[in-house]
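Dear colleague,

Please find below the sequence and structure that I am handing over to you. My findings follow directly after it.

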Amino acid sequence: MNRRAVLTGLTALIGAGLATRVRADDLSAEMILNDPDAPVGGNSKGDLTIVSFFDYNCPFCKRTVDPLNAVLASDGKIRHVYKDWPILTKSSIYGAKLALAAKYQGRYEDAYSALMRIDGSRVPESRMRQELQRAKFDVKRLEADAKRHDSKITTLLQRNNAQAEGLGLRGTPVFLIGQFLVASALDEDGFRQVVKDARESS
C-alpha cells in the first residue's frame, strides 16, 4: 500500500474521531500485547504472541488469513491478538466497528472471518452486512450493539491507530511476531519461519 493511500485513510480516521491523542501507557508494549479490549484468538496461554494489524478492505491482509490460521491450528501454542486498523476507506471503519461489536456476542472471530472472505479493496457496507448475515448474524442486533458500545469500540480503535503510528507502520498487513515486526503478506512457510526465529531468539 502506498503512503498516499495511508494518508487518505488516516484523514478518514480523523474525520471519524479515531485518530486522536492517547495516553503514553496506551502505546506501551504491554498495551500492544495485552490490551484488555483487543480480541484474542489462538491459545490464550501460548508461549508466543502474534499481533495482527489489518483492514477489512486490504486484499493483502485477506491473503494471510488462511496461512496464519493453518499455523495457529497446527502449532497450538500461539496467542493471536487482533488489531483492527481501519485506514483504507470509510467502510473499513464500519466493518471494524461491527466486528468489534460481535465480541459482545462472543463471536468476534466469526465476524472477522466473514468480512475477510469478501474479495476486493473497496467493499461497500451493504456487502459487509450481506456477508455477516450469511454467517448467521442478526445484523440489526449487531448494529445496535455497535451503537450501544460505540464509545468503548471507538476508544479501542483510537488506541490501535496510535499504537500503529507509534510503531511507525505505513500500511496493512503488519504482524508483530515475538520481537519481529513483519510488514508483509506472509504465506504459511513465511509465518512458520518467523515463528521459529522468534522462539529461538526469545
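Read along the sequence, the elements come in the order α-α-β-β-α-β-α-α-α-α-α-β-β-α. The chain thus named has nine helices and five strands; helices (H or I, at least four residues) and strands (E, at least two) are DSSP runs, numbered from the N terminus.

Please note that this is a predicted model, in which local features need pLDDT of at least 70 and side-chain atom pairs count only at pLDDT 80 or more, while totals for chains, interfaces and linings use all residues. Residues are numbered from 1 along each chain as its sequence is written, and side-chain values use heavy atoms, with hydrogens and water left out.

Of the 202 residues of the chain, 50% are buried (under 20% relative accessible area, with exposed meaning over 50% and partly exposed in between; 1.4 Å probe, protein chains only). Among contacts (heavy atoms within 4.5 Å) with a separation of 6 or more, 79% join residues 24 or more positions apart.

The remainder of this message concerns helix α5 and its surroundings. Helix α4 (residues 90-102) and helix α5 (residues 108-116) have axes that come within 7 Å and cross at roughly 150°; axes are lines fitted to C-alpha atoms, for helices over the stretch in contact, and angles run from 0 to 180 degrees between N-to-C directions. The two helices are therefore roughly antiparallel (angles under 35 degrees count as roughly parallel, over 145 as roughly antiparallel, 65 to 115 as roughly perpendicular and the rest as oblique). On the α4 side the contact is made by G95, A99, L100 and A102, and on the α5 side by Y108, A111 and L115. These residues divide into six nonpolar, one polar and no charged; Ala, Val, Leu, Ile, Met, Phe, Trp, Tyr, Cys and Pro count as nonpolar, Asp, Glu, Lys and Arg as charged, and the others, Gly among them, as polar.

Helix α3 (residues 59-75) also packs with α5, at an angle of about 125° and with the axes 10 Å apart. That angle makes α3 oblique to α5. Here C61, K62 and V65 of α3 meet Y112, L115 and M116 of α5. This contact has five nonpolar residues, no polar and one charged.

Within α5, the buried residues are Y108, A111, Y112, A114, L115 and M116. Their cover includes the helices α3, α4 and α6 (125-134), together with the strands β2 (48-54) and β3 (78-84).

With kind regards
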